[in-house]
Amino acid sequence: MTTETIPPVIDLRKINMAFARPTGEPLPVLVDIDLSIMEGEIVGLLGRSGSGKSTLLRIAGGLIRPTSGEVLYRGAPLAGPAEGITIVFQTFALYPWLTVQENVELGLDALALPLDEARRRATSAIDLIGLDGFQSAYPRELSGGMRQRVGFARAIVSDPTLLLMDEPFSALDVLTAETLRTDFLDLWTARQLPTKAVLLVTHNIEEAVLMCDRILVLASNPAHVAAEIRVPLPQPRNRLDAAFHAIVDEIYSILTSRMTESIGAQSQINRGLAQRLPRVSIYLIGGFIEKLISPPFDGYAEMARIAASFNLQVNWLFPIAEALHILEFAELKEASIKLTAAGRVFARSGPEERKRLFREHLLRFVPLAAHIRQVLDDREGHAAPRARFEFELQDHLDGRDAERTLRAVVGWGRYAGLFDYDDKSRTFRIGQTVA
Amino acid sequence: MLVLGLILLIGIGARQMVAPFVSAHQAEISLAPAALPLYTLRTVMRMLAALAASLTFTFTYATLAAKSRRAEMVLIPILDVLQSVPVLGYLSFTVTFFVALFPGNVLGPELAAIFAIFTSQAWNMAFSFYQGLRTVPNELDEASRAFRASAWQRFWRLEVPFAMPGLIWNMMMSMSGGWFFVVASEAISVGDVQIALPGVGSYVARAIQERDLAAVGWAIAAMTIAIICYDQLLFRPMVAWAEKFRFEQTAAQTVPRSWVLDLLRGSNLLRSINQPIGTAARKITRAQLSLPPGIVHRMTVWSPPRRAVDIIWIGLVAAGIAYVVWALAQFAGAALAWDDVAIAVSNGGLTLLRVAILIVIASVIWVPIGVAVGLRPGLTAKVQPIAQFLAAFPANLLFPVVVFLIVRFDLTPRIWLSPLMILGTQWYILFNVIAGASAFPSDFREAAATFRVRRWRWWRQVMLPGIFPYYVTGAITASGGAWNASIVSEVVSWGPTKLNGSGLGAYIAQMTVAGDFPRIALGIAVMSILVITMNRLIWRPLYAFAERRTRLD
């Protein structure tokens with residue numbers, strides 16, 4: 001085997017990462033992750049937002065040091081940003097006060113080349129990426145797609161061995177993203193890039209299957225590798241291909257089953273108070289249920305199909321599905337979603353009845369909502385500060401998750417008439433409007 | 001021609017600054033209008049020198065504070081206190097020091113004046129730069145680290161450009177205040193040290209002695225021209241140039257323009273001069289100048305900060321503070337009694353009352369006017385530069401006119417001297433309100449019009465909340481300026497006539513003339529404490545409230 005003789009371009013071994021909680025205890029975000037990328041490979045890291053995939057990419061780039069574990073770049077330990085590793089950023093990260101040319105030259109600053117040599121190389125990178133003629137433009141004059149082209153040019157100008165891409169297409173509209181992806185793949189398959197390996201972080205399943213040779217599916221809380229999937233299809237790949245579909249479905253099924261497992265596990269801890277709630281508005285829930293019950297789905301749909309018919313990406317679709325599953329209006333199984341009896345009743349009811357049903361489910365299946373209501377009922381004056389619940393949540397969740405969960409429960413509780421929340425004084429209360 | 005002329009003028013100004021200075025026979029200030037251009041030039045030169053000093057201070061002090069957590073713990077509170085000390089208070093203390101530093105040379109008093117101007121602008125420039133450094137967007141920071149920029153490259157290519165628009169805006173604000181102090185610091189007497197540096201301020205001081213109202217008029221005219229030139233030749237081009245550093249990625253609707261900058265960019269001759277400078281600047285900022293790689297490209301380490309070192313550091317700082325307090329107590333205890341403290345505090349109360357009432361009156365007058373102007377774009381374009389000019393104009397040049405009137409009509413100084421405090425700084429309220437009203441989203445206005453919101457409700461629920469953050473910014477500046485101005489406005493004279501309005505400003509001014517250092521220090525301390533308290537208890541909460549109220553997400 002060749003793997004014996006040539007070391008992987010990058011090799012992450014047993015990576016663990018923990019951030020400090022406000023209380024001081026560590027909160028794990030990455031657990032025992034192994035990842036190695038060989039020459040000639042595009043490897044995808046797929047997971048929902050907040051699953052720690054961007055953190056992993058920054059560890060591979062030497063920007064963050066893991067709490068424990070080892071990072072080997074071409075066989076040698078990585079001690080910081082190294083020559084030969086560059087990053088394409090989700091938000092482009094262009095310097096607005098520099099022209100396209102100067103932004104690209106920035107990729108060469110660390111090499112300390114003579115000025116005209118730097119200029120020549122920048123120009124050829126700009127040509128390669130299809131931005132010829134825009135050298136003197138400032139980023140603010142460019143469209144999103146063109147800005148990301150500058151980001152690519154800056155990343156490849158120094159002839160990197162390893163290219164790290166952090167959701168490079170997710171800030172672009174669908175068509176622009178597709179064009180840029182195709183252009184990049186053309187350069188890659190034609191071997192016009194000096195780059196030996198690529199790590200792509202994404203939450204777009206189709207994008208991962210379209211581009212990668214190997215996909216690691218990250219399951220969150222804390223992130224670990226849930227599955228590794230090889231994509232043996234030749235480039236250029238066709239989305240309508242049956243084999244393509246099969247892989248997409250497989251990934252959906254892994255992600256769904258991971259999600260239901262994690263919901264189940266969380267409801268066991270601390271009476272379910274620490275359950276993460278997705279921030280999904282009640283109208284999105286209602287709209288989704290209505291869509292799901294109408295033909296052609298009739299209450300049952302494969303996730304991949306409903307995603308396609310809504311044009312929803314994973315980071316949109318999964319929170320909605322998660323909310324429905326938690327509230328037991330629908331059930332997730334394998335790669336599909338099915339309305340429960342209550343979900344069907346909800347779909348057929350009028351506004352008042354829906355409210356009543358929602359309130360009932362909220363009290364029964366979301367322990368946090370029931371807990372808040374209980375506290376308010378017990379208290380004299382029927383008011384409680386938000387900080388109290390924040391504090392309880394932070395025993396189990398990191399700050400961002402706690403914030404998101406509280407916001408979700410506020411929205412749901414307001415709709416259900418379970419309690420009211422006043423943001424000025426940051427207190428929950430049972431008000432006059434609330435029965 | 002323009003450039004050559006400027007270089008020549010700077011040369012002349014600088015030559016005179018180092019001229020020997022003999023305390024006994026200082027140059028007599030001439031009241032002839034013909035002498036004014038040269039005086040104005042001297043004043044402007046001081047301003048430039050102070051600006052250069054402030055920039056140097058900003059780049060070092062703020063960078064240190066932003067880069068080192070431990071330095072930050074000490075430097076930022078110090079800056080906060082320094083900012084609240086009245087500018088002319090520094091002058092009383094430092095002038096003797098600077099004169100002693102260069103005995104017999106005019107450089108000493110010159111430096112003292114420059115230092116006074118420096119103190120009026122350095123602090124908020126440093127604050128703004130520090131804020132800029134702290135808010136460099138994460139993604140740009142990561143990009144610069146991922147592309148392995150050295151600390152030097154990073155500073156010039158990322159941090160300075162990012163902080164630039166805020167810094168230039170603050171420089172402009174500081175300059176507005178600076179004119180006031182440059183005029184106030186030229187003619188001073190601390191105890192038996194009498195100084196009159198040639199400049200517009202001394203010219204006016206002399207005119208007051210001689211009761212020459214015409215000369216005051218000439219000085220006002222000269223200052224007007226100087227400020228307009230400064231604005232057109234220096235700040236307009238800088239603001240227009242700094243436009244490219246704005247971080248927003250969308251194109252702005254109205255781009256600030258400057259004819260001088262257009263000229264600089266347009267003319268072939270100037271471009272050929274500029275080109276080598278530009279290339280050199282690029283070379284310098286691209287230079288690596290890196291420390292050994294292990295030190296520079298450190299990773300972000302998520303280990304908790306080392307507690308032990310922190311504790312030692314905090315202990316050292318606390319010991320330092322304790323020592324300073326002890327030393328001060330020794331110094332003050334020998335000369336001061338509790339009675340003095342009571343007098344200073346009661347004077348402080350009087351000045352506080354004045355500031356509060358004046359801010360209210362100025363708000364009642366300028367908020368409606370500002371809104372009316374701000375909602376009419378045509379009018380805004382005309383009024384805004386005038387308001388900015390008025391804010392920059394050193395109001396102390398106008399004092400003699402007011403004093404003349406008070407003497408003439410025999411008015412009560414305690415009441416009628418008060419408006420002087422806010423004469424120069426009320427314009428901050430006006431132009432901030434104008435800015436707020438013109439930035440008010442037009443769909444909010446249209447919505448209010450569609451629903452035919454009633455007049456009273458329109459003010460209370462539409463317009464006032466909309467301009468509130470801007471108003472608070474303006475009012476903070478105005479009240480800070482009023483405190484500063486109290487030192488020169490609560491005691492004024494017209495020839496032999498002295499008017500005393502009493503108050504903390506008057507107290508400090510009198511003690512300065514008497515050269516009574518413990519009481520100057522006491523007065524300054526009381527004023528600083530009052531200013532800090534007011535900031536903490538009123539302005540900061542108001543500002544936070546304004547920010548929270550007007551946010552949509």
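This is a predicted model: local features need pLDDT of at least 70, side-chain atom pairs count only at pLDDT 80 or more; totals for chains, interfaces and linings use all residues.

Residues are numbered from 1 along each chain as its sequence is written, and chains are lettered from A and ligands numbered from 1 in the order in which they are written.

Start with chain A. Its assignment gives domain 1 (2-254) and domain 2 (282-429); such bounds come from an automatic or database domain assignment. The C-alpha centres of these two domains of chain A lie 35 Å apart. Across the boundary, 13 residues of domain 1 of chain A are in contact with 11 residues of domain 2 of chain A (C-beta atoms, placed from the backbone, within 7 Å). On the domain 1 side, helix α7 (residues 242-266) of chain A gives the most, with 4 residues. Helices (H or I, at least four residues) and strands (E, at least two) are DSSP runs, numbered from the N terminus. By class, that side of domain 1 of chain A has 6 nonpolar, 4 polar and 3 charged residues. Ala, Val, Leu, Ile, Met, Phe, Trp, Tyr, Cys and Pro count as nonpolar, Asp, Glu, Lys and Arg as charged, and the others, Gly among them, as polar.

Now chain B. It is divided into domain 1 (34-242), domain 2 (257-288) and domain 3 (336-553). The C-alpha centres of domains 1 and 3 of chain B are separated by 21 Å. Here 30 residues of domain 1 of chain B are in contact with 32 residues of domain 3 of chain B. Several elements of chain B each supply at least two residues of the domain 1 side, including α3 (69-84), β1 (187-190) and α9 (213-242). α7(B) gives the most to that side, with 7 residues. By class, the side has 20 nonpolar, 8 polar and 2 charged residues.

Key: Two residues are in contact if their C-beta atoms, placed from the backbone, lie within 7 Å.
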